[in-house]
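Let's take a friendly look at how charged side chains pair up in a protein model. Keep the structure in view as you read.

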Amino acid sequence: MARIPLDPPRTRLYRLAEWYARRTYGVVPDPLAAMAHHPRVLLTDVRFEASLARWDRLDGTLKSLAVMASAVSIGCSWCVDFGYWISNQEGVDPEKLRAVPRWRDSDVFTDLERRVMAYAEAVTTTPVTVTDEMVAGLRRELDDAQLVELTMMVAVENVRSRFNGALGLTSQGFRDRCELPAGA
């Protein structure tokens with residue numbers, strides 16, 4: 001149960017964000033409603049997320065797997081739910097997305113994808129447990145810009161997941177919209 005009301009003041013900014021969210025996602029994401037209690041926080045987050053969406057140095061599947069591994073590690077069900085849906089919309093293999101929570105035991109991932117998820121988990125731990133060997137392994141296949149983007153995306157997911165977890169925001173049913181209905 002959310003620890004903050006999800007019916008914020010209906011400022012002009014919130015109404016605009018609500019309209020955009022309904023057009024884009026079909027619903028108003030709970031984190032947006034929570035942030036709308038502080039319009040400057042909401043505006044900053046909207047700008048930041050719009051900027052992140054334009055980053056394109058890192059392969060989309062690697063980025064999605066890293067973000068999902070971080071969200072799973074933190075235990076943010078909202079982020080896992082939304083991350084599954086958005087990654088599915090972007091064409092990431094649903095089998096890989098479903099396997100992220102047990103990636104070590106799954107055979108659907110490449111060696112690079114496994115290194116990316118291990119790195120994401122190491123960035124997410126407190127304290128950070130990234131090793132020189134991890135980074136060296138990634139740098140064999142990723143250039144400096146890709147490594148920076150990967151690291152920042154994991155750090156951003158830490159912010160998202162910890163915000164959502166602290167405010168008690170849980171799964172909103174996005175993932176359910178990805179699966180084909182029976183008989184389809």
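## A pair within one helix

Arg160 and Glu157 form a salt bridge, with their closest N and O atoms 3.0 Å apart. A salt bridge here means a side-chain nitrogen of Lys or Arg within 4 Å of a carboxyl oxygen of Asp or Glu. The two residues sit three residues apart in helix 9, about one helical turn. Helices are DSSP runs (H or I, at least four residues), numbered from the N terminus.

Glu157 is buried at 2% relative accessibility, while Arg160 is partly exposed at 22%. Buried means under 20% relative accessible area, exposed over 50%, and partly exposed in between (1.4 Å probe, protein chains only).

## About the model

This is a predicted model, where local features need pLDDT of at least 70 and side-chain atom pairs count only at pLDDT 80 or more, while totals for chains, interfaces and linings use all residues. Residues are numbered from 1 along each chain as its sequence is written, and side-chain values use heavy atoms, leaving out hydrogens and water.

What does Arg115 meet in a salt bridge? Its partner is Glu141, at 2.2 Å from N to O. Arg115 belongs to helix 7 (residues 111-124) and Glu141 to the loop between helix 8 (132-139) and helix 9 (144-166), so the pair ties together parts 26 residues apart in sequence.

Arg10, Glu18 and Arg22 are linked in a network of salt bridges. Across the whole structure, a search finds 10 salt bridges.
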